[in-house]
Amino acid sequence: MSPDNERGIGRREFVATAVAIGGASALSACQERERDLVGTESDGSEGTRGDGPPRTGTEAEFDLSVPSGNPDALSKRQHAWNYAVVHDAHGNTVIPQQQLILGLSYEGSTPPTDAEREQVEGTLRTLEEAFQWGTGGNPSASFAQGLLFMLGYSASYFERTGGVPEQLVPAEDVLREVGEDPEKADDFDAVLLMNSDIGSVVMAAEAALFGEIETLNGVEVTDTFEGVFSKADRRAGMVGKGIPADVLDNDSIPESAPLSMGFKSGYRDSQPSEDGITIREGPFAGGTTMAVSRLGIELDRWYDQSHEERAAEMFCPAHDTDEIGEIGEKLGAESGITEENAESVEEFAEEYGRVGHTQKVARARDDDFVPTILRRSEGVATDAAQGTEFNFTGLQRHVDRFVETRKAMNTDEYDDDVAAEDHGIIDYLETHHRATLLVPPRSQRALPTGIDG
C-alpha cells in the first residue's frame, strides 16, 4: 500500500515535523505514528524483519521492523539508486519521500588513518545491514521501506588529504561562474544524502551515525562517525504527490502536485542514465559528482500567473497546455522538449513572449541530446524558518556539466526582449546555499584521498 494513500494529511504533517526537528523523542514519536507503514509490504529481500508489528523502542534501541539488507550484494556505485526506487506507470523514477541532508565537518587525521577509514566504513555498512537498499530491488514495490544514501566529499576535504579530483569544482567557483554570490558556498567537508519513504528510517540512521542508539533495526551499532565527522548542518525535505499542498501554506498549489511549483519533473527524456553520469576513468572511476543546493521560491508571485502561463514557462510556450495537464501528468514519460525547441529560444521568445525552463536547460544536453544532470531530490524544505525553500540535488560526471545547465537558465544567455518573470523559472528562484561534492565508488567512500587508486 502506498504511503500516499495511507498516511493522510495529519500523519504527513506530523512526520514532516518530526524529521525536521530530529532527536530521540521525535524519532520515537515518528516511529509510533508510522507503525502501520512498516511490515506491510514484502519486498522479497533477505533478512526481512517485517513479519510483525514494530516494537516501541527506548533511547538506546530502535527496532523498526523493516526489511534488513546485505551490504555485500550492493552495486559498486553509491549512486546506483534506480533499481531500488519505485517507478510510476510510465517508467519514471519516484524518489522516496523523506529526505535528510547532513553537512559534515571532518575532524580526523590528515591524512586519514586506516583505523579511521575502517571506522567510517563500518558505520556505513551498519546502515546497509540494518536496512535494505530502498525497495530491495522489487520492481512491484509501491514504496521504499529501506534506506538509500550516498556520501560525497568537497574540495576543502580533498585539499587537506591529497589534492582535488579534476571532476570536482569548488562551490565558490561554481557560484561565480553562474553569476551568483560565492559567499553562499557551504563550507562542508562532506555531505551525506539519505532518502526513505519511512521518516523513522532516516531519523534512526542519523541517530546511529552519531552514537545516539545502540541497535538499529536489530543490528548492533559498533562503529559511528564520532571523532571523525561532526554534524555541521542538517536539512530535511519531502517530495511526492500531494506533499507540497499538505505541508506548505499556499492554497494555489494543485492538490496532487509532487513539487511546490505545481508540475512533475524527472521525465525519462529529461533524466540521463546512471551510466551517463558515472566517472569513466581515473582514480574515482565508478563514482560521480553531486551538487547540493538550498533554494528559495517566490510561490505567491509564481501562482499569480494563470496555469497556461506557468505551463509555458515551466516547459515550452509551444506546448499545448491541454496536453500537459494540471501538473504535467498527461505528458507521461516524455517532457516533449525537442532539439528544435532548444535551438529556437530566441525565435520562440519573439513569437510567444515567453521562454520555457525545460526548453532552456535542454540547450545544455550532450551531442546526442541527452541530459547530463540526474536529479536526486527536489524536496520541499520542511525545516525552512520562513518562506518556501527546497533542496535540489543533482548528479553529473563533472561539475562543469552542472555549471553549463545552470547557466542555460540565465536570461542574459539569450538575445531576446522577454521580461525576466516570463523567462522560464529563474526569476522566481533565489540561491541560499550550494555545495559541490565528489561521490566516490563504494570501495573508496571511507575517507578517500585525491591520489587513491
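Modeller: A residue counts as buried when its relative accessible area is under 20%. The model is a predicted one. Arg-406 has a relative accessible area of 9%, so this arginine is buried.

Arg-406 is placed in helix 15, which covers residues 399–407. The buried residues of that helix are Val-399, Phe-402, Val-403, Thr-405 and Arg-406. Their packing partners include two helices, helix 6 (171–177) and helix 14 (357–361). Strand 11 (288–297), strand 14 (388–396) and strand 15 (429–439) are also packed against by these buried residues.

The side chain of Arg-406 makes polar contacts. One is with the side chain of Glu-180, at 2.9 Å. Another is with the side chain of Asn-410, at 2.6 Å. Leaving aside residues up to four places away in sequence, Arg-406 touches Val-178, Glu-180, Ile-426 and Arg-434.

Other arginines are placed against rings. Arg-365 lies over the face of Phe-369, 4.4 Å from the ring centre. The charged end of Arg-442 sits over the ring of Trp-133, at 5.0 Å from its centre.

Phe-369 is also of interest for its backbone. This residue is in the loop between helix 14 and strand 12 (374–377), and its phi is near 60 degrees, a positive value in a residue other than glycine. With a relative accessible area of 17%, Phe-369 is buried. Leu-447, in the segment after strand 15, likewise has a positive phi, of about 55 degrees, without being a glycine. Leu-447 counts as buried, at 0% relative accessibility. Most residues other than glycine have a negative phi, and most peptide bonds are trans. The bond from Thr-110 to Pro-111 is cis, with omega near 0 degrees. Pro-111 is in the loop between strand 5 (98–106) and helix 4 (114–130).

As for the rings, the structure holds 14 aromatic pairs. In one of them, Tyr-157 and Phe-158 have ring centres 5.4 Å apart and planes at 80 degrees, so the pair is edge-to-face. Tyr-157 is buried, at 0% relative accessible area, and Phe-158 is buried with a value of 0%. Both belong to one aromatic cluster, whose members also include Tyr-106, Tyr-153, Phe-210, Phe-225, Phe-229 and Phe-284.

Conventions. Residues numbered from 1 in each chain as written. Predicted model: local features only at pLDDT ≥ 70, side-chain atom pairs only at ≥ 80, totals over all residues. Heavy atoms only, no water. Buried < 20%, exposed > 50% of the residue type's maximum accessible area, 1.4 Å probe, protein only. Helix = DSSP H or I, 4+ residues; strand = E, 2+ residues; numbered from the N terminus. Contact = heavy atoms within 4.5 Å. Polar contact = N/O pair within 3.5 Å; in protein donor to acceptor, adjacent residues only side chain to side chain. Phe/Tyr/Trp six-rings, centres within 6.5 Å; stacked < 30°, edge-to-face > 60°. Lys NZ or Arg CZ within 6 Å of the ring centre and 35° of its normal.
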